[in-house]
Amino acid sequence: MHWLQNRQSVLAGNIANATTPNYVPKDVSSFHGVLSSHQEVTLAQTEPGHMAGHGGQSGSHNVGGPSSIDGNHVVLENELEKIADTNDQHRLATAAYSRYMGMFGTVLGSSSQ
């Protein structure tokens with residue numbers, strides 16, 4: 001949910017800067033990349049001859065694309081499509097969580113569902 005909120009914020013910033021000259025739109029790393037970086041085990045370099053471990057990275061990054069006359073690279077249709085996709089993912093995550101909590105309540109014998 002935090003990743004979805006972060007992505008929505010970055011995409012909203014892209015739309016807010018749609019008329020800013022030379023603005024390059026940003027996007028966050030894919031959720032799969034974020035998930036795999038949290039599960040990644042990094043190795044400690046205990047000897048000078050050993051290779052150093054690599055950590056995963058997350059955050060926003062610039063996304064290239066065609067530019068307009070003022071050098072702006074924001075394509076509103078693409079940004080709105082990404083926002084709709086993020087909204088769908090948020091709705092799916094919320095529905096899955098609600099179902100999970102409903103099943104959890106059923107197991108515990110909760111009368112309010």
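A nonpolar surface patch is made of residues with over 30% relative accessible area and no salt bridge, whose nonpolar side chains are joined within 5 Å. In this predicted model, such a patch of about 820 Å² is made by Tyr97, Tyr100, Met101, Met103, Phe104, Val107 and Leu108.

Three of these residues can be followed further. Met101 lies in helix H3 and, with a relative accessibility of 36%, counts as partly exposed. Tyr100 is also partly exposed, its relative accessible area being 48%, and Phe104 falls into that class with 42%.

Because Tyr100 and Phe104 are 4 residues apart in helix H3, which covers residues 76-108, about one helical turn separates them. An α-helix has 3.6 residues a turn, so residues three or four places apart point the same way.

Helix H1 can be read in a similar manner. It runs through residues 2-16, and its 15 residues reach 21 Å from the first C-alpha to the last, close to the 21 Å expected at 1.5 Å a residue. Its buried residues are Trp3, Leu4, Arg7, Val10, Leu11 and Asn14; because they cover an arc of only 130 degrees around the axis, they lie on the same side of H1. On the face of H1 turned away from that buried side are the exposed residues His2, Gln5, Ser9 and Ala16.

Note on methods. Residues numbered from 1 in each chain as written. Predicted model: local features only at pLDDT ≥ 70, side-chain atom pairs only at ≥ 80, totals over all residues. Heavy atoms only, no water. Helix = DSSP H or I, 4+ residues; strand = E, 2+ residues; numbered from the N terminus. Expected span 1.5 Å × (residues − 1). Buried < 20%, exposed > 50% of the residue type's maximum accessible area, 1.4 Å probe, protein only. Arc of directions from axis to C-beta. Patch = residues over 30% accessible without salt bridge, like charges linked within 9 Å, V, L, I, M, F, W, Y side chains within 5 Å. Areas by Shrake-Rupley, 256 points an atom, 1.4 Å probe, with all protein chains shown as cover. Salt bridge = Lys/Arg side-chain N within 4 Å of Asp/Glu carboxyl O.
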